[in-house]
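Please examine the structure shown here together with its sequence. A set of questions and answers accompanies it.

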6 protein chains.
Amino acid sequence: MSEVVTFGEGMVRLSPPHFQRLEQTSTLDMAVGGAEFNVATGVTRLGLTASWVSRLPQNALGRVLVNQARQLGVDTSHVVWSRDDRMGIYFLEFGSAPRPSTVLYDRKNSAMSRIRPGEVDWASALAGAKLFETSGITPALSPSAAEATAEALAIARQKGLKTVYDPNYRSTLWSIEDARKVQTPLMRDVSCFITGVSMEGEAKEAVLGVTGSSPHDLAVRLAETFGFEVVALTLRGTSGLMRNSLTAVAYSNGRSYETKSYDLEVVDRVGGGDAFAAGFIAGYLDDDIQKALDYGTAFAALKHTVPGDINWTTLQETQDLIKGAGLRIRR
Amino acid sequence: MSEVVTFGEGMVRLSPPHFQRLEQTSTLDMAVGGAEFNVATGVTRLGLTASWVSRLPQNALGRVLVNQARQLGVDTSHVVWSRDDRMGIYFLEFGSAPRPSTVLYDRKNSAMSRIRPGEVDWASALAGAKLFETSGITPALSPSAAEATAEALAIARQKGLKTVYDPNYRSTLWSIEDARKVQTPLMRDVSCFITGVSMEGEAKEAVLGVTGSSPHDLAVRLAETFGFEVVALTLRGTSGLMRNSLTAVAYSNGRSYETKSYDLEVVDRVGGGDAFAAGFIAGYLDDDIQKALDYGTAFAALKHTVPGDINWTTLQETQDLIKGAGLRIRR
Amino acid sequence: MSEVVTFGEGMVRLSPPHFQRLEQTSTLDMAVGGAEFNVATGVTRLGLTASWVSRLPQNALGRVLVNQARQLGVDTSHVVWSRDDRMGIYFLEFGSAPRPSTVLYDRKNSAMSRIRPGEVDWASALAGAKLFETSGITPALSPSAAEATAEALAIARQKGLKTVYDPNYRSTLWSIEDARKVQTPLMRDVSCFITGVSMEGEAKEAVLGVTGSSPHDLAVRLAETFGFEVVALTLRGTSGLMRNSLTAVAYSNGRSYETKSYDLEVVDRVGGGDAFAAGFIAGYLDDDIQKALDYGTAFAALKHTVPGDINWTTLQETQDLIKGAGLRIRR
Amino acid sequence: MSEVVTFGEGMVRLSPPHFQRLEQTSTLDMAVGGAEFNVATGVTRLGLTASWVSRLPQNALGRVLVNQARQLGVDTSHVVWSRDDRMGIYFLEFGSAPRPSTVLYDRKNSAMSRIRPGEVDWASALAGAKLFETSGITPALSPSAAEATAEALAIARQKGLKTVYDPNYRSTLWSIEDARKVQTPLMRDVSCFITGVSMEGEAKEAVLGVTGSSPHDLAVRLAETFGFEVVALTLRGTSGLMRNSLTAVAYSNGRSYETKSYDLEVVDRVGGGDAFAAGFIAGYLDDDIQKALDYGTAFAALKHTVPGDINWTTLQETQDLIKGAGLRIRR
Amino acid sequence: MSEVVTFGEGMVRLSPPHFQRLEQTSTLDMAVGGAEFNVATGVTRLGLTASWVSRLPQNALGRVLVNQARQLGVDTSHVVWSRDDRMGIYFLEFGSAPRPSTVLYDRKNSAMSRIRPGEVDWASALAGAKLFETSGITPALSPSAAEATAEALAIARQKGLKTVYDPNYRSTLWSIEDARKVQTPLMRDVSCFITGVSMEGEAKEAVLGVTGSSPHDLAVRLAETFGFEVVALTLRGTSGLMRNSLTAVAYSNGRSYETKSYDLEVVDRVGGGDAFAAGFIAGYLDDDIQKALDYGTAFAALKHTVPGDINWTTLQETQDLIKGAGLRIRR
Amino acid sequence: MSEVVTFGEGMVRLSPPHFQRLEQTSTLDMAVGGAEFNVATGVTRLGLTASWVSRLPQNALGRVLVNQARQLGVDTSHVVWSRDDRMGIYFLEFGSAPRPSTVLYDRKNSAMSRIRPGEVDWASALAGAKLFETSGITPALSPSAAEATAEALAIARQKGLKTVYDPNYRSTLWSIEDARKVQTPLMRDVSCFITGVSMEGEAKEAVLGVTGSSPHDLAVRLAETFGFEVVALTLRGTSGLMRNSLTAVAYSNGRSYETKSYDLEVVDRVGGGDAFAAGFIAGYLDDDIQKALDYGTAFAALKHTVPGDINWTTLQETQDLIKGAGLRIRR
């Protein structure tokens, strides 16, 4: 019985060390990740209880995902085990300006992509939960995964849970058109919508096709168009891959929210958006949108300082950062 | 224009360092391999020219395979490139007694498994070649790959090439029954048959279903049953995973051959059988079966001392070993 | 609510890679361990539920212990957190003949050594449990830890649990005299006594001072002297540090038990005895002493093939080994 | 017989590689350090002779400290060996903005913390020396260490040595109040006082409680209040953890000194202050305060470019930097 | 038969990881490089065929160079093998501001330094080639190597090949005076002259002694003085070792060319100039100087993001960068 | 002023990790060694004082050698520094049966090979010393080094020091004929002769050309032929590269000596002979040949368990081994 339940694919992440390309490396750092996996592990770092629901192959790699989730205190008892399918893998090459980082997905036919509605016992998985989270990656995996996502969101909403959704658009998984067609009906069951907006040019949510004159305006329009209770937008400024700035805005019930902007020395930005969702959830569960925005942004900022998808920083460090702790060695 | 042409899948090989299990490691050693890839790289170490024919995805991992083959001087101009498919991967956990090593294959839907007859321009690929080699893994990949194997063997034989075949049975790819049904007709186009035989119990070739009272007897029966010009059998003694002994026998045209037995301190036994095939080919091309057996066994013995599928030892070291070089530091 | 509850110190384990000495290394492999920690993680690998009770400092190192236990599915909700104390550390140098491995303990004043009776809520920690396990290291940590051990054993026994005890004598923690004086009264509350016996010379249990003409005889005498329901003794043969043999005997209710002997290529022998205890518990919970002995010995044998204190092998691999699986690559 | 003698604790330093947190790493980089250890090794890099006086446990870790000191040519013949105590350890996590680096000290009950007055034969240790250096960490270790510090300073001063002192305040060792109470009387025996001042806000020396309108003013006030012959203050500007600027000011005998400011790409800032002290000493021994300030600042700047506490740069590199060597590859 | 033929030394490159100094490291990263080796591997990445001509010792290190060249598809059949000589080695220490990177050459008496005119069969090596490239390092190696360089340039020019030359001045190999004396006569056989110019101060080509009021002016003067068909100059701005900017200018047949300037987060700048030459050659072979400048600068910019001398980026990435691809993760 | 003075080359040692070949590795382990360097560091581990005399280039690699010697407490004040020459390097590939380990020397023109008589101030270097040690590698480096060796031995003998000599024949440095011609006259100034004898076949000292019916007989004949005060022979049995046995015999003043034989699990045998010499010296200085033989053999046996040329085991461990300490974990 967990406060937060997330639903999505977990993957093995393989990356060459120290900016090497795949063609030149002889070792790979092995880690795990996946948008909803990252949210589940993030909220437990912030003191909440969480459960991650997924579908995994019954082999050593599937066990790695469960082990890592459990290591962070995430409940994995509702994972569905598959005898035949494979683990999704992604290869991550870290870039430096002017070379962007690249992800080579090898996730076709993964166990999670073959999930079907009815496979998860949602009545049990959601028992006692307060919030359900998933992202646009889950319905993008396959038509049956899209149906399973719709099923999960509908049940969560019927049970009165808050529901958090991040479209997380991946062009290698589906086209913008397919992404819009499949996700638009899901929005009915979403109470809180989170996404990242580039700080260059006009504010635009690409998947749902909504634009605004500013991030704040975009948030308002998204909320009004789809009836979201809350909309939160992360804003990233990039002057290279190793230095970024990060802030966020939110809108809820007629009120706009802002928070600090952080200068980041980026160690690993993968999972930054998921860390924002995790931090935001910590406040949203208290119905405190300012806290949600502060925690989300600070926790996301801290994520950039840690290698891997998982945000190994702590609730204490997040609170210290919000309060304005400096950069001196803590000793 | 290469003397030896091999045909088969290449894979990325990922293994946790120092006897770790996949569940406990945070790094993977990355290498490449595949039975016929290993044979092609083996024969170039022994001074021959070789070409490796395969089908690869057009991405960084596909390029890794081509790079590694080229590094050893293997011609890759007949590789077929695929836009959509994936690279086959295998995860290798090194064991120590009493825990066997394990291989977790993730090779379904690989680019090579989707090869179809007619895709390779064999007229060009085999031009000027003297010998064609493939193994039972290639037809096991898929029905279309089995057809492509039959096509290649038939063309090679029509062109008058020597043909070398190792059944290399993998129970995770197909059943013994399927393996026998598919491979038996291929034997018509095989001139040299190589396989490994356990030194415990009776001598038996599992796939084709032939048995003998001894390894020598088995070699005779295989040659007689299928009309092979040459049969070579490797014999391995195991008193643990880190100490093995290795020898081999051959039969050709009414004559039996023996060679030395080597005590091995095993660093990595994967690719040992392929190294035997490579060394054997070096003699078989000279129609010198004793040389073939001596080179095959010594080169295979040396393979066990080197990490990875590729046998980085040299022609000189192979000849020194056959002549009886000792174990003193060479300086 | 776990079937098995263990009670003891967890430590950070730091070891130079590849047989280096502490004086020459610039990196340390970091792992975790501790006798009862190892037993708890061992029994979950074998499919049981387990809880590990300990006392840890509230810092990153304390969290590492909890994370690692959770990763293996061990319940840590009864860990007592300390604000002030330190984590115990041990430095492990791997040896090769004729140099023995060495452990440099730095565990004085650890959080666990300062545990006091009454700190653990045993009523809750043991609720629903069937078996309690601890070892002689726990009472050796300090007088208050010895009292806490006595308290735990007494409560477990009152509740009708099976209790497993391994003296695990460490001369750097206490003298044989002190060990005997403190532990002898504890034996009243022990139902199953496990210890290791050298295969050289006469069979002797050093701490309690019992000797026998053979391991079997020693088991009988221990059972008779202290009224143990079961006694199990592991027997190790050493012809170097990298090759060992391992078997075990047991005695219970007038009957002696034997099992296979395994030849081991030793990767890391630390935790071997704890793995035996974990495997033995799996059978003892079924009141099947032969199963206990078979599982204990096979699981302990497998432990030697994996680096670290934790036995990352599986129930399936343990069962395969008992059935006589060979050493061929599993693929 | 060394020109410079320093007195303080040496520690084993353990840090996860590449910005990892302790909770996620499986290896630790092992190095050594300690304020006065760093000063001693620093002055030998600059061509002086030095002796490091400390108290160490008689085990492999104690030997590591001595080995490392000797490697840099530091005399360790006055180290006091302890049979029973432990080595101090510190765990260092490297941060990136906005996450500060953290140090987890595990130094309680270290051999050095148990040093008592009279244990060191100062007559012999200081024979022929020109300068004695220690820092506020030494008296902070324990009351007996504070007494031993007072003893050493007094003897050094009686012998007419120059004495250098850096308060090096560590809040985890003692409170500001205790630090002030213990250190104020020591100042009588200090000829040169060095400390770091933040470049944000007013200039303030926290421990002794002196403030100034500017760094120069603070230096003057410190000198006047305590009668120091020389005061030197390092000034650090931070726009993140990976880019810093560094300069310093000094005051002596009515004259103020300035030096260049350096832009730093920070690899490891630990030991930067100690490197300043080492460089400063090189000039102070010549009674050339401008040289002291130039060498101290340049040597400290170079320290930031090298991993570990020890400054592996050379006298030649220090002089080149002072002369304005650029950033082109030296080849 | 390759489009591009380069002639120069290849070396083993050994560098301590993570900014360590040679005095503190216990491991070295091993790679290969050399100006003309880098150009040959660079042009194959851009889709051309290339041959690298050199002289190597017949041992494992010599084979490493050939293996690496072949891995990138470079033809090595014209390498001259030496029985007696040694491999050139260079030790590279990575710096961070204010410490410059340093190269410690150990290349005296290398096999390549002992090359003599007549040893290479240039008729065969240049058959079918369109362009010959070498740099000022080759004649600097020894008088006989200087003669061999003159021979090669003369033959290439006689055959009507384009010839590319970069003076690549190394003060540890020869004095400016010797460099000028030896290279001036070579310029007669050079059609395209490439060199790097610092962006600070006046534009000056140090070796040939030509200056200009601006980079563009310098290019014009170089072309006019020596009759070069094309002159290309790279311009680097440095605000530290980890952030650089890079652009270039060219002049040919009365016309000046410019291209974009790139902000670089520098991972490894060694080989940047060689990457420029490789990219420039790709356009020069098409007689398209704008393309040459665009490709050269973009390919050089990308080189800085990859560890090692070899530029593992691709033609596609180079074209994407020229078109203005941003810094978002490619997935 | 050291008890023992050794004279010979130190080298940088580079070896691929985990049995890799040079052709396949991307990292090298960096260490240092050299026969007489190893003896000097060995005797300090055994509690004696030692000085190592050599000639080194004035660069980072030269400093590495001095640092490493000092780390072990060896005096390096008599090292001669050269401005121009290079450091000798050796590449070591670890083998496993049936592949021998290989050493690729790159030591030509090293600073030490250019040493000349008169360069070392032997009066000062040998002041207060009791024993001088060198090996046949030193005169093999060059004719001038041979003269310098003769000079050193002669002066040592004149001063009444014991002198220890090990021929250490290296076929890549000189022929047997040259080795004999140069070394025979040196024997006049040698008091103790040490060498290794294979346990297969007859006992033979190859360089000096003496044979015996047994190792003991060989020792007698050597002593008689050359008038050595002591002769010690190490005897190695090899059943692979990872398991060896080691013992030794000695002869002095009409008496033969034996010691234990040790079974070795070999981690790194390089430096084993030098460790024997170091241990032997410890007893020879006491004129106790039995102690010399016991210490030499035990210290050499322990050397095989530690990676690198330096024997990081301790006097205590050596004494424990002689007394018969077993293989149990020391904790």
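The questions below concern strands, helices and a chain contact.

The model is predicted: local features need pLDDT of at least 70, side-chain atom pairs count only at pLDDT 80 or more, and totals for chains, interfaces and linings use all residues. Residues are numbered from 1 along each chain as its sequence is written, while chains are lettered from A and ligands numbered from 1 in the order in which they are written.

Q: Is strand S10 (residues 162-166) of chain D largely enclosed by the rest of the structure or exposed, and how many of its residues are buried?
A: Helices (H or I, at least four residues) and strands (E, at least two) are DSSP runs, numbered from the N terminus. A residue is buried if 20 or more other C-beta atoms lie within 10 Å of its own, exposed if 12 or fewer, and partly exposed in between, with C-beta atoms placed from the backbone. S10(D) is largely enclosed by the rest of the structure, because the number of its five residues that are buried is five.

Q: Which residues of S10(D) point the other way from Lys162(D), Val164(D) and Asp166(D)?
A: In a regular strand, side chains alternate between the two faces of the sheet. In S10(D), where all of these residues are buried, those pointing the other way are Thr163(D) and Tyr165(D).

Q: Which residue of strand S11 (residues 192-198) of chain D stands opposite Tyr165(D)?
A: Two strands pair if DSSP finds at least two bridges between them. S10(D) pairs in the parallel sense with strand S9 (residues 131-135) of chain D over five bridges, and Tyr165(D) is there the bridge partner of Thr134(D). S10(D) also pairs in the parallel sense with S11(D), over two bridges. In S11(D), the residue opposite Tyr165(D) is Phe193(D).

Q: At what angle do helix H9 (residues 289-303) and helix H10 (residues 315-323) of chain E pack?
A: Axes are lines fitted to C-alpha atoms, for helices over the stretch in contact, and angles run from 0 to 180 degrees between N-to-C directions. The axes of H9(E) and H10(E) are 9 Å apart, and the angle is about 110 degrees.

Q: How many residues of chain D are in contact with chain A?
A: Two residues are in contact if their C-beta atoms, placed from the backbone, lie within 7 Å. On the side of chain A there are 22 residues, and the number on chain D is 22.
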